[in-house]
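Hi,

Here is the model I promised to pass on. Have a look at it first, and then read my notes below.

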Amino acid sequence: NEDVNRWQRWSDDRLGTVGKQHVLSSCDSVDIDSELGTVLRELDENLAEHGGQFALGHQFSLADCAIAPFLTRLETQYSLSSSNNWPRVTSYLQALSARESVKRSTVSSWWWWW
């Protein structure tokens with residue numbers, strides 16, 4: 001599916017790369033004007049395109065499997081859901097964290113995705 005492939009590429013190229021740079025720079029938060037803030041705004045806008053609680057709508061998909069590890073790691077580091085800057089990202093994080101499969105596959109160690 002082209003939508004899944006697009007999300008996977010975006011997750012690797014944008015969320016993973018920029019998220020890693022942000023975490024390794026020892027930033028304590030995510031400023032809305034930072035590069036990571038821009039990436040989260042992109043995610044927020046992309047989530048709006050599909051509606052529903054997941055990346056491609058109402059069904060959990062491989063696209064979510066690509067995004068979840070990076071996004072949950074950033075949530076752990078920065079408590080993104082406590083910000084009002086990315087409301088769809090907050091809802092998405094809640095939907096992801098409610099899934100048993102995501103809970104079982106989330107690693108708490110800070111280094112695992114670098």
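A quick cut-off before anything else: a residue is called exposed when its relative accessible area is over 50%, buried when that value is under 20%, and partly exposed in between. Please also keep in mind that this is a predicted model.

S26 is in the loop that runs between α1 (2-24) and α2 (35-50). S26 has a relative accessibility of 57%, which is over the 50% cut-off, so S26 counts as exposed.

S79 also has a positive phi, near 50 degrees, and again the residue is something other than glycine. You will find S79 in the loop between α3 (62-78) and α4 (87-97). With a relative accessible area of 37%, S79 lands between the two cut-offs and is therefore partly exposed.

The other residue I looked at is H50, which belongs to helix α2. What does H50 touch, leaving aside residues up to four places away in sequence? The list is D3, R6, W7, A55, L56 and G57. With R6 there is also a polar contact of 3.3 Å between the two side chains. H50 has a relative accessible area of 26%, so H50 is partly exposed too.

Those are my notes; over to you.

Cheers

Notes
Residues numbered from 1 in each chain as written. Predicted model: local features only at pLDDT ≥ 70, side-chain atom pairs only at ≥ 80, totals over all residues. Heavy atoms only, no water. Helix = DSSP H or I, 4+ residues; strand = E, 2+ residues; numbered from the N terminus. Buried < 20%, exposed > 50% of the residue type's maximum accessible area, 1.4 Å probe, protein only. Contact = heavy atoms within 4.5 Å. Polar contact = N/O pair within 3.5 Å; in protein donor to acceptor, adjacent residues only side chain to side chain.
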